[in-house]
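Please look over the model shown here before reading my comments. I have kept them in the order in which I would go through them with a colleague.

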Amino acid sequence: MVQTDSPTSFHPASASDYLPEGKLRALQLQRLQAMVARAYERVDLFRQRMDERGLTPGDVASLADLARLPFTVKNDLRETYPFGLFACGLEEIVRLHASSGTTGKPIIVSYTAADIEVWKDAMVRTFACCGLHAGDIIQNSYGYGLFTGGLGAHYGAEALGATVIPTSGGQTDRQIMVMKDFGVTAICCTPSYLAHLLDRAAELGVPVAELPLRAAVLGAEPWSDAMGRKLETLGGLKTYDIYGLSEIIGPGVASQCEAQDGLHVFEDYFYPEIIDPDTGEVLPDGEEGELVLTTLSKQAMPMIRYRTRDVTAFLPEPCRCGRSLRRIRRIGRRSDDMIILRGVNVFPSQVETALMAVEGTLPHYQIVLTRDRGLDQMEVQVEVTPEFFSDEIRKLEALQGQLTAAIESVIGLRVAVKLVEPQTLQRSTGKATRLIDKRPS
Amino acid sequence: MKLKQISVFLENRQGQLSHACRALARAGVNINALSLADTRQFGVLRMLIRDHDRAVIALQADGFVVRVTDVVAVDVPDRPGGLADVLETVEAAGINVEYMYAVTHRTEEKGMMVFRFEDPDGAAALLRDAGFDVVPDAELARRTDTAKD
């Protein structure tokens, strides 16, 4: 591992990470008030909910008043598909991205030019948090396209001044060649992809630990400290957990720093709260609950108190890096049934939609998740019903192919479909056990 | 002229094949012909069974998915070219053969082949008109009843 990081290098954009608390809170309140006013004026759903509660933007006189405002949930985005939550017209919007909804329709998110600048800034600060700087050569293996990961990391890395290689996902052998031949110093990808890549590099005899690669900026799916340590040993690098979600901005909401202990929330842009998921009450610092985020600077799509369904807690002690941005604990689990597979959000209900589209009715099915040499694998086991049992092998194979294609078109990932005998999948009296997750954490 | 064939879906798991055969045995049912078509993940067991209604009930009671399909059985002269003659006849008429397999019972100098045709009625008529011996259900029953091994 070649040491090229400079511990004393400091990026000007990181200045906002070190605001004295008083200044930070004042800035947050000022931005919050402007955001609530904007959302109230321009977003019907938000105004309706405020009116129902007898609230107006003027009622937000302190940060504590945020707790009185209504929540926003993922379903709101689904129900207002495609553009119902936008606070401005398309003529001001320079980018649209999409992510998985709970059924067939994706969630649409939008950005004005100013929003893109905020996003860039949050990503520059994320990379600086991870010890990266203008001299780095960054391989971006997050997926480019509708997914926010690829372009989010790309624009941020360019704004950082680094040399960016937009490899996107897949073509692992070629990615390893790039890593080796281009002198890559940092990689951005999902933790399971890094595991897969290191595995493949070992097969090819490429000594990753001896390359200039010194950092991995890992996100889009949950991973543990244990997995991090394993990747660090195998790759001869440091791993950093980053957090984000498309509904808020994409990557750039929070990031580990060189202390690798909790993630700093860029709270001058995204105000965090931890609530009790059942009662909605804001919890005291340190208690575990559901993360709720409010955008403080978003123009195209303000999000007020968006319930992320991610479970975490604030780490109340100050971080040894000196940042005044509050830290949240690494995110391990969710409070809904969403699966994250190779960084892609998948809902069991999406699989149901696909199965029904092919068979007309919903067959008994089960989703089994495993990890094979670092890569997440999903197998959907579907019971063969008398209606769909054809005596001809090729027709059964065609059915299998149709189911695979239908699922792929809904979730965007190619998964394995296995036809199984009837009555072999678990039935239960209550909620059926649709999902078996055998992946190690 | 058509025969009823029973097909059973089997996962490629140990014991599934014997489980199906045992279910039939418990029901006192005899298998006259069978073939097993397989892929990496599953197989389809196809059988000619005299008492096919009872067989279907027994298999379904044990949780198997069962399908009944129309097939055509033909006496094929037991000499080189015997089978090719049959196949060329149907192919010339544009009739597709989905699959085929041999039957255990052999009579005189003939072997019996079971065919699944896309158009079983058309194929059976065509073969009979061409001079081949299509074996109807009653005849198969007679042969298998009297066969002693």
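This is a predicted model: local features need pLDDT of at least 70, side-chain atom pairs count only at pLDDT 80 or more; totals for chains, interfaces and linings use all residues.

1. Residues are numbered from 1 along each chain as its sequence is written, and chains are lettered from A, with ligands numbered from 1, in the order in which they are written.

2. Chain B holds 5 helices and 7 strands, where helices (H or I, at least four residues) and strands (E, at least two) are DSSP runs numbered from the N terminus. Their order along the sequence is β-α-β-β-α-β-α-β-β-α-β-α.

3. The radius of gyration of chain B, taken over C-alpha atoms, is 16 Å, which agrees with the value near 15 Å that a compact globule of 149 residues would have; the globule rule is 2.2 Å times the number of residues to the power 0.38.

4. Between chains, 15 residues of chain B are in contact with 13 residues of chain A, contact meaning that C-beta atoms, placed from the backbone, lie within 7 Å. On the chain B side, the elements that give two or more residues are β1 (3-11), β3 (42-49) and β4 (66-77).

5. Chain A is divided into domain 1 (12-336) and domain 2 (347-437), with bounds that come from an automatic or database domain assignment. The centres of these two domains of chain A, taken over C-alpha atoms, are separated by 32 Å, and 8 residues of domain 1 are in contact with 11 residues of domain 2.

Terms used: Two residues are in contact if their C-beta atoms, placed from the backbone, lie within 7 Å.
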